[in-house]
Amino acid sequence: MSSSNSSVARYFDTMDYGPAPESDTDARQWLSRHAEGFGHFIGGRFTAASAGAHFDTAEPATGQQLARIAQGSAQDVDAAVAAARAAQAGWLALGGHGRARHLYALARMVQRHARLLAVVEALDNGKPIRETRDLDVPLVVRHFYHHAGWAQLQEREFADQVPRGVIGQIIPWNFPLLMLAWKIAPALALGNTVVLKPAEFTPLSALLFAELAAEAGLPAGVLNVVTGDGTTGAALVAHEGVDKIAFTGSTDVGRLIREATAGSGKSLTLELGGKSPFIVFDDADIDAAVEGVVDAIWFNQGQVCCAGSRLLLQEGIAADFIERLKRRMQSLRMGLPLDKAIDIGSLIDPSQLERVRSLVATGVREGAACYQPPGALPAGGSFFPPTLLTGVHPASTVATEEIFGPVLVAMTFRTPDEAVALANNTRYGLAASVWSETIGLALGIAPQLQAGVVWVNATNLFDAGVGFGGYRESGYGREGGREGCYEYLKPRAWAGRKPRSATAPAQAANEADKAPPAAAGLPAIDRTAKLFIGGKQVRPDGEQSQPVFSAAGHRIGEVGAGNRKDIRNAVAAARAAAGWSSATPHRRAQALYYLAENLSARAGEFAARLTSLTGAAARAAQAEVDAAVSRLFAYGAWADKYEGTVHVPPLRGVALATIEPIGVVGVVCPDEAPLLSFVSLLAPLLAMGNRTVVVPSGKHPLIATDFYQVLETSDLPAGAVNLVTGPAAALAQTLAEHDDVDALWVFGAKELSRSAEGLSIGNLKRTLVDHGLATDWHDGAAAEGPLFLRHATQVKNIWIPYGE
């Protein structure tokens, strides 16, 4: 008895933890039922791989074989897409309420099988069971409940939208089940059907979910799962029957997907890598911030795209913070994933372990000091200890490259401005954390951070009702909330667009030098319209021009032929006009109203120009001018009314969904309705605070060079609008390749769209293209309003917990 008491007393003194293993009996029984190997899940049932190929998966924590998985081929992908296509019409016909009931059933199904799903996920991924049980699975349930609600409300809340159709989804290995829910819940809720390709390392939770979903009554073909390696994913991306690709994974693979889908008409959502800053000011609660660091970088072994992997400490607290952090690291426990008493599990695979080791070694060679808490690693598996690198230079490899492991790099700053500069010193832009007891300071810093999610005095908060996604090379698109729903819908007004009809050449070859007769026998006064850059009319760099012809084939003027250097100068001018992005919405509204006023004052002149250029009747030309004035007024109205919202996730706090301009946007205008299309593309960007580089209609550029005279009499700041006339294909290519352009809108020939998407991979700029489909610019539903405003903005969600 005394021995027992002594033992208990010792545990109270040492606070040692013994193992607390979760039973894997049910999971092993499920695996044994598929001991011969898993097939693909297509059309509501498991089917054998068409080529009969399989591969083995292993438990990351032990290296032991776990399951035999079908290797998907192009034929398997084709069968899955066909099943999804066949099911889509019936799934949509169920209506919002019918789909809501199915998603509700899926949520309940996950709750009933929560323990089995959590254990399978821990075995397959190597993460601690506490994370799969307490975080991943409950969030999966939340996503299905939340999106069941959007299905119920779809006919009212998204009346102007229709489903995209068949969605190809490719998910990563770090959160296999949770990423599945993030992807398929909104897609199914809004009337689409899905072909899901799980990660090669972690396919089991997707296969288990599909099996359980069929048992829960999900109609055959609505959800299909095709397993395999990267070649399987490539076949899904390339399949012509897929209407959208939603991808979460590395930035390098995201670029390949963007390039592969260019010009295909597929919608694309990319949620990619990150190198997120964790900023701690000297007035922060240091102990709370230390715990925040633990959650930010050692959650899921640091295999998190938004991991707070860059610790930025204000100099006055840096030494104390690092000392406390090292003490806390010594108490972190590593072990087998089913042990409920561990904090850190195994990395996914020996290849990832080697990558992490190599990058840490590189950091040390470049001058960093490495700290790892003492203690032996678990035997077997791909374990790597929690690691802290201090003395890191902002330009070093470990400060700029995503390590994707339990490695934290620390740097210091002196002022808030320096903190922002260091935080934004990355090509990524996924998430950030700000720690300060001065809420005004924290909320002043958050809008300055180039990241799609900012947590204030918190980290790694997620909810189905709050959008998640990045800026820059962290990808584009949002997942979760209303903004995530739009990724699986397309405008009803655009659904029926037809290809542009071929247009006749501007003039016949033998009429190239014809001109209308000069008055009174005098030669016409020569005038070449210049470019408009930085608020000034400037000559093109190459000192070249190109003729402009009337509808009758007469040469009626010339415009400058811009080149690569002119685009460079225009982008620099736009970048320098950052004050326009920080202007108040009221200020932007007033500027647009004034533009409309000045255009209206010259309506007759513009109508006459349209008649001359296009051959339109006087009444039609006047109608186009009137519509352009109205559109400017409309976006003046929208400027201070297209706003964010306040999300209320299930925690004590709020998430502010703020609307931000994208930055510098290139625009290539079509030939049809040359004034109205020009205004319809320019105005929403200006209303939301973007700065623009516009390539006007190649056939009718004089309407835009006339318009810069309106700009000169407005109160827009220099550089907010820059006009470069010239060959559309060459100028669009330069804009697409320019890494200081944040987004690109291209309307015109189909090849222009393909080029714009394919060449924008350098900095993964957002694109809005029409794939050669004609827009009715006089139709407000197709050419005005939130449809364009959503593309002119990006959403930043700022999480603000409150209370003690």
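Which residue's side chain does Lys565 meet in a salt bridge? The partner is Asp541, at 3.7 Å from N to O. This is a predicted model.

**Salt bridges**

- The count of salt bridges comes to 37.
- Side chains of opposite charge can pair when their charged atoms come close.
- Lys565 and Asp541 make one of these contacts. Lys565 sits in helix α19 (residues 564–576), while Asp541 sits in the loop between β22 (536–538) and β23, so the pair ties together parts that are 24 residues apart in sequence.
- Lys565 is partly exposed, because its relative accessible area is 36%, which falls between the 20% limit for buried and the 50% limit for exposed. Asp541 is also partly exposed, with a relative accessible area of 37%.
- Glu291 and Arg328 form another salt bridge, with their closest N and O atoms 2.6 Å apart. Glu291 belongs to helix α11 (residues 286–297) and Arg328 to helix α12 (residues 315–329), so this pair ties together parts that are 37 residues apart in sequence.
- Glu291 is partly exposed at a relative accessible area of 34%. Arg328 is partly exposed at 23%.
- Arg28 meets Asp24 through their side chains, at 2.9 Å from N to O. Arg28 is partly exposed, with a relative accessible area of 31%. Asp24 is partly exposed, with 22%.
- A network of salt bridges links five residues by name: Asp252, Arg255, Glu401, Arg427 and Glu473.

**Helices α7 and α8**

- Two packed helices are described by the angle between their axes and the distance between the axes.
- For helix α7 (residues 176–189) and helix α8 (residues 204–215), the axes come within 8 Å and cross at roughly 55°. α7 is therefore oblique to α8.
- The crossing of α7 and α8 is right-handed.
- On the α7 side, Pro176, Leu177, Leu180 and Ile184 make the contact.

**Thr202**

- Thr202 lies in the loop between β7 (193–197) and α8.
- Is Thr202 buried or exposed? Thr202 is buried, because its relative accessible area is 1%, and buried means under 20%.
- Setting aside neighbours within four places in sequence, Thr202 is in contact with Asp124, Asn125, Pro172, Trp173, Pro176 and Ile348.

**The open sheet β20-β24-β23**

- Three strands, in the order β20-β24-β23, form an open sheet with mixed pairing.
- Which strands lie at the edges? They are β20 (528–529) and β23 (545–549), each pairing on one side only.
- β20 and strand β24 (residues 555–560) run parallel and are joined by 2 bridges. Ala529 stands opposite Val559 of β24.
- Helix α25 (residues 702–712) packs on this sheet and touches β20, β23 and β24. The direction of α25 makes about 65° with that of β24.

**Strands β27 and β28**

- Strand β27 (residues 664–668) runs parallel to β28, and 5 bridges join them. Val665 has Thr692 of β28 as its bridge partner.
- How many residues of strand β28 (residues 691–695) are buried? The count is 5 of 5, and the strand is mostly covered.
- Arg691, Val693 and Val695 point one way from β28. Thr692 and Val694 point the other way, and all of these residues are buried.

- Strand β25 (residues 645–647) and strand β26 (residues 653–661) run antiparallel, joined by 3 bridges. A hairpin of 5 residues connects β25 to β26.
- His647 stands opposite Ala655 of β26.
- β26 also pairs with strand β32 (residues 793–801), in the antiparallel sense over 9 bridges.
- Which residue of β32 does Ala655 stand opposite? It is Trp799.

Key: Residues numbered from 1 in each chain as written. Predicted model: local features only at pLDDT ≥ 70, side-chain atom pairs only at ≥ 80, totals over all residues. Heavy atoms only, no water. Pairing = 2+ DSSP bridges. Helix = DSSP H or I, 4+ residues; strand = E, 2+ residues; numbered from the N terminus. Contact = heavy atoms within 4.5 Å. Axes fitted to C-alpha atoms, helices over the stretch in contact; angles between N-to-C directions. Salt bridge = Lys/Arg side-chain N within 4 Å of Asp/Glu carboxyl O. Buried < 20%, exposed > 50% of the residue type's maximum accessible area, 1.4 Å probe, protein only. Parallel < 35°, antiparallel > 145°, perpendicular 65-115°, else oblique. Left-handed = near helix turned anticlockwise from the far one by under 90°.
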